[in-house]
Amino acid sequence: MFDATDIQMMHNALALARQGRFSTSPNPRVGCVVAHGTQIVGQGFHIRAGGPHAEVHALRQAGTLARGATAYVTLEPCSHYGRTPPCANALIESGVSRVVAAMTDPNPQVAGKGLSMLQTAGIRVESGLLEAEARELNRGFLSRIERGRPFVRLKCAAGLDGKTALSDGRSQWITGEEARADVQILRAESCAVITGIGTVLADNPQLNVRSFPTLRQPARVVLDSRLKTPLTGKLVQDSGSPTIIATLENDEQRLRAYTQYPHIHIIMPSENNGQIDLHDLLKQLVAKGYGEVMIEAGATLAAAFLQADLVDEIVLYQAPKILGNNARGLFDIPENTEVLQTESLWRTASLTTIGNDIKWILRRK
């Protein structure tokens, strides 16, 4: 069905789509290439929600050269009016003779309708080229649509002995500058960064992207059951991105102290044994359009997400340092007496060196 030229052009479209990985949410990351054989006449990618889609950028660049060409797009063209007109209509009007999509769009508003519109207009339509790569690129968008919860990445850092901080809580800096810069990229890719009130009180973090400019900062989500987030802290005083405080506190006077800040949003997930119900928390984040979230938290909250089976990926930065027996560990989880006799729930997706540290990515089997 697909030849070497098709494969190369779709690789090009995927590379374009990746350029939007810091800015498109809640929309998917999409790239498009318009070509006559190996001759590219137009290309583009979706930059941000509300702006032109990838197909529009590519067709504008191609102009009249789009007639009779093949359009390679990493996701089925939309067929409905949202903030922008349907891309399927734009492709039909351009005169392309063939459209190759990496995958169909699971969004119920599209879900095959875009490809059907193209076929009805007499355009040759094929899909499924490099679908696995396209799905990986949009795992957050797909998780939000297909599973009703975000794709959850747990980021952590430790020494050779699996320790994250000294016994008094000091942890700066376990990893080197290169690894810390890589974390900035992970934040930029995320719709939201989740942390716990313990980390907020101990570190007063900003949880934003500072090492390079980005069109969209991730939202900051604090799990704060008793509403202890300091009003003088960076997450309250920094209005550069939304701060969402998830709490069980319903005292209106105490809540009012936070809601006077326009970038502060209070949500009240369900309670589970006196704690915030993590499943309900993720549902509420999905309702806000957050498809990919990252946890940057201490051992207790990290363990809670793991024990609730809500972590899809672990990114562990491991430094060649030994913190010692009394130092704090990665996860506050009871000893697992069966782990030596059972197969691991995790598989290694990649293992790379960053500076003098190791970046270990694990995926849930």
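## Buried charges and helix packing in a predicted model

Glutamate 55 has a relative accessibility of 3% and therefore counts as buried, the cut-off for that class being under 20% relative accessible area. The UniProt record, an unreviewed entry, lists Glu55 under "active site". Glutamate 55 is part of helix 2, which spans residues 54-62. Leaving aside residues up to four places away in sequence, glutamate 55 is in contact with Cys32, Val73, Leu75, Pro77, Cys87 and Leu91.

The buried residues of helix 2 are Ala54, Glu55, Ala58, Leu59 and Ala62. They lie on the same side of helix 2, because the arc that they cover around the axis is only 120°. An α-helix has 3.6 residues a turn, so residues three or four places apart point the same way. Among the elements that cover the buried residues of helix 2 are strand 1 (31-36), strand 2 (39-45), strand 3 (70-73) and helix 3 (87-94). After helix 2 comes glycine 63, which has a positive phi near 60°.

**Helix 11**

In helix 11, which runs over residues 278-287, the buried residues include Leu278, Asp280, Leu281, Leu282, Leu285 and Val286. At the start of helix 11, aspartate 277 places a side-chain oxygen within 3.0 Å of the backbone nitrogen of histidine 279.

**Arginine 187**

Arginine 187 is located in helix 7 (residues 177-189), and with a relative accessibility of 9% this residue counts as buried. Which side chain makes a polar contact with the side chain of arginine 187? The partner is glutamate 296, at 2.7 Å. When residues up to four places away in sequence are not counted, arginine 187 touches Val193, Leu207, Asn208, Val209, Arg210, Pro218, Met294 and Glu296.

**Salt bridges**

Side chains of opposite charge can pair when their charged atoms come close.

| Salt bridge | N to O distance |
|---|---|
| Glutamate 126 and arginine 98 | 2.6 Å |
| Glutamate 126 and arginine 124 | 3.3 Å |
| Arginine 363 and glutamate 313 | 2.6 Å |

The side chains of glutamate 126 and arginine 98 meet in a salt bridge at 2.6 Å, N to O. Because glutamate 126 lies in strand 5 (residues 124-127) and arginine 98 in strand 4 (residues 98-101), the pair ties together parts that are 28 residues apart in sequence. Glutamate 126 counts as buried at 9% relative accessibility, and arginine 98 is buried with a relative accessible area of 9%. Glutamate 126 also forms a salt bridge with arginine 124, a residue that counts as partly exposed at 48% relative accessibility.

The side chains of arginine 363 and glutamate 313 likewise meet in a salt bridge, at 2.6 Å from N to O. Arginine 363 belongs to strand 18 (residues 357-364) and glutamate 313 to strand 15 (residues 313-318), so this pair ties together parts that are 50 residues apart in sequence. Both arginine 363 and glutamate 313 are buried. Through salt bridges that share partners, Arg21, Arg29, Glu136, Arg139, Arg153, Glu189, Glu292, Glu313 and Arg363 are joined into one network.

**The chain as a whole**

The chain contains twelve helices and 18 strands. For 365 residues, a compact globule would have a radius of gyration near 21 Å, and the 23 Å of the chain agrees with that value. Taken along the principal axes, the box filled by the C-alpha atoms of the chain is roughly 70 × 50 × 35 Å. Of the 365 residues in the chain, 50% count as buried. What part of the contacts with a separation of 6 or more comes from residues 24 or more positions apart? Such residues account for 70% of those contacts in the chain.

Methods:
Residues are numbered from 1 along each chain as its sequence is written. This is a predicted model: local features need pLDDT of at least 70, side-chain atom pairs count only at pLDDT 80 or more; totals for chains, interfaces and linings use all residues. Side-chain values use heavy atoms; hydrogens and water are left out. UniProt positions are given in the numbering used here, feature names are shortened, and annotations may be inferred rather than shown by experiment. Helices (H or I, at least four residues) and strands (E, at least two) are DSSP runs, numbered from the N terminus. Buried means under 20% relative accessible area, exposed over 50%, partly exposed in between (1.4 Å probe, protein chains only). Contact means heavy atoms within 4.5 Å. A polar contact is a pair of N or O atoms within 3.5 Å; within protein, one must be able to donate a hydrogen and the other to accept it, and residues adjacent in sequence count only if both atoms are side-chain atoms. The arc is that of the directions from the helix axis to the C-beta atoms. A salt bridge is a side-chain nitrogen of Lys or Arg within 4 Å of a carboxyl oxygen of Asp or Glu. The radius of gyration is taken over C-alpha atoms; the globule rule is 2.2 Å times the number of residues to the power 0.38.
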